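Q: I would like to learn how to read a structure like this one, feature by feature. Could we go through it together?

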Amino acid sequence: MSDIAVSPEIAAAPKALLHDHLDGGVRPQTIIEISDEIGYTNLPRTDAAALDQWFRESADSGSLVRYLETFEHTVAVMQTPAGLHRVAKECALDLAADGVVYAESRYAPEQHVAGGLAMEEVVEAVNAGFREGETEAAAAGRPIQVRALLTAMRHAARSREIAELAARYRDDGVVGFDIAGAEAGYPPTRHLDAFEYLQRENAHFTIHAGEAFGLPSIWEAIQWCGADRLGHGVRIVDDVDTSGDAPVLGRLAAYVRDARIPLEMCPSSNLQTGAAASYAEHPITLLKDLRFRVTVNTDNRLMSGTTLGREMQHLVDDAGWTLSDIRWATINALKSAFIPYDVRLALIEKVVKPGYVALGVPAYTV
Ligand SMILES: O=c1[nH]cnc2c1ncn2[C@@H]1O[C@H](CO)[C@@H](O)[C@H]1O
Ligand SMILES: [Zn+2]
């Protein structure tokens with residue numbers, strides 16, 4: 001969707017990414033090679049460039065449901081330990097090359113058992129791939145930490161089981177839980193059992209909400225389910241009245257802002273699913289100006305033809321963002337990460353702040 005060039009400053013800026021789907025960021029060439037190895041013959045294109053194009057165009061329908069149909073082909077090549085390992089390793093390398101220093105990558109273990117793997121084996125293969133990618137990236141001078149979020153599909157009925165899996169692997173590379181998939185008709189409260197379990201376990205979770213569906217979904221995610229963060233949450237603007245001289249926040253929007261609930265915003269993805277009309281008009285900028293805890297994310301790099309650098313470049317080019325805004329969003333992301341406070345602080349103080357000073361951005365003020 002967005003083959004824009006990223007400026008040297010944005011490319012070099014240390015970045016943090018909270019919302020990136022592992023199965024939404026597979027390299028086209030890898031899809032083709034694994035398909036050959038496993039005998040998967042349903043790919044819509046067999047040339048890497050054409051396949052890349054196909055994903056972007058097919059995901060560009062204006063409908064979340066149709067957007068999600070394209071994942072059939074990435075999930076198909078992520079059914080073996082070798083396939084999962086390779087995809088995870090390449091994910092870490094690609095993010096490191098984009099200047100990402102910390103990432104949370106999510107995937108749904110229940111979608112990777114068609115070849116007979118146990119969900120534990122899925123988690124372990126992905127973890128091993130991330131660790132190898134981290135090692136290679138560090139050796140290449142691009143250190144990155146990648147942690148996993150386990151997603152449950154909201155139309156399915158395995159969320160409690162996957163929540164338990166996330167808790168079991170919490171000391172082994174998994175830092176949280178999520179629900180994803182078609183939003184309309186599948187409210188977060190359908191999975192209350194899983195969320196209540198995680199709260200009792202003192203575990204972290206985010207919920208895709210306020211993307212294809214509006215305020216009730218956000219309200220349930222926060223006030224019924226207790227979400228730590230919102231995946232997208234873009235529709236929170238429906239509770240901001242901009243008709244007068246100054247924007248007025250409704251009760252829910254005020255709660256989200258005042259409680260510092262992180263919004264994992266994904267501009268390009270929202271343009272493709274119809275949740276926003278353009279980068280210039282995307283609510284992320286209004287929400288930034290109102291000081292919501294905004295973060296910038298990729299969602300699905302393959303389907304959107306994007307990188308975190310590109311998402312940021314679009315905001316700079318079309319919505320008036322500055323490098324200082326990008327640093328603010330990056331620090332917001334690290335403040336909101338599901339890793340221990342001391343690790344977050346070390347990344348902010350030792351990596352992010354010095355990285356922006358090196359780019360000549362004036363010192364950070366709150
Ligand atoms: O923007 C999105 N909204 C809702 N669900 C999504 C989005 N992007 C990806 N997935 C879903 O999450 C699964 C696990 O990674 C993917 O297979 C896809 O079905
Ligand atoms: Zn998502």
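A: Gladly, and let us begin with one residue. Apart from neighbours within four places in sequence, Asp299 makes contacts with His19, Asp20, His21, Gly24, Cys266, Ser269 and Ser304. Keep in mind that this is a predicted model.

Q: Where does Asp299 lie, and is it buried or exposed?

A: For burial, one counts the C-beta atoms around a residue, and 20 or more within 10 Å make it buried. Asp299 has 29 C-beta neighbours inside 10 Å, so it counts as buried. Its place is the loop between β10 (294–296) and α14 (301–304).

Q: Which residues does the "binding site" annotation cover?

A: An annotation comes from a record, and it may be inferred rather than shown by experiment. Here the UniProt entry, which is unreviewed, gives "binding site" for His19, His21, His208 and Asp299. These residues are spread over 281 residues of sequence, yet they cluster in space, with a largest C-alpha distance of 11.9 Å.

Q: What surrounds His208, and where is it placed?

A: His208 belongs to strand β5 (residues 206–209). Setting aside neighbours within four places in sequence, its contacts are Asp178, Ile179, Ala180, Glu183, Gly231 and His232. His208 is buried because it has 29 C-beta neighbours inside 10 Å.

Q: How should I read strand β1, and which strand does it pair with?

A: For a strand, look at its cover and then at its partner. Strand β1 (residues 15–21) is mostly covered, as seven of its seven residues are buried. Its partner is strand β2 (residues 100–107): the two run parallel and are joined by five bridges. Within β2, the residue opposite Leu17 is Ala103.

Q: Which residues come nearest to ligand 1?

A: A shell can be read by its nearest members, its elements and its classes. Ligand 1 has 19 residues around it, and those that come nearest are His21, Leu68, Phe71, Ala108 and Ala180. Two or more residues of the shell come from each of α4 (64–69), α5 (71–76) and β2. By class, seven residues of the shell are nonpolar, eight are polar and four are charged.

Q: What should I look for in the backbone angles?

A: Most residues other than glycine have a negative phi. Asn202 is not a glycine, yet it has a positive phi of about 55°. It lies in the loop between α9 (192–200) and β5, and with 8 C-beta neighbours inside 10 Å it counts as exposed. Arg260, also not a glycine, has a positive phi of about 60°. Its loop is the one between α11 (251–258) and β9 (263–265), and Arg260 is exposed, with 12 other C-beta atoms within 10 Å.

Q: How many helices and strands does the protein chain have, and why is it called as compact as a globular protein of its length?

A: The protein chain has 17 helices and 10 strands. Its radius of gyration is 19 Å, close to the 21 Å that the globule rule gives for 366 residues, so the chain is as compact as a globular protein of that length. Along its principal axes, the C-alpha trace spans about 60 × 45 × 40 Å. Of the 366 residues, 52% count as buried. Among contacts with a separation of 6 or more, 75% are between residues 24 or more positions apart.

Key
Residues are numbered from 1 along each chain as its sequence is written. Chains are lettered from A and ligands numbered from 1 in the order in which they are written. This is a predicted model: local features need pLDDT of at least 70, side-chain atom pairs count only at pLDDT 80 or more; totals for chains, interfaces and linings use all residues. Helices (H or I, at least four residues) and strands (E, at least two) are DSSP runs, numbered from the N terminus. Two residues are in contact if their C-beta atoms, placed from the backbone, lie within 7 Å. Two strands pair if DSSP finds at least two bridges between them. The radius of gyration is taken over C-alpha atoms; the globule rule is 2.2 Å times the number of residues to the power 0.38. A residue is near a molecule or strand if its C-beta atom, placed from the backbone, lies within 6 Å of it. Ala, Val, Leu, Ile, Met, Phe, Trp, Tyr, Cys and Pro count as nonpolar, Asp, Glu, Lys and Arg as charged, and the others, Gly among them, as polar.
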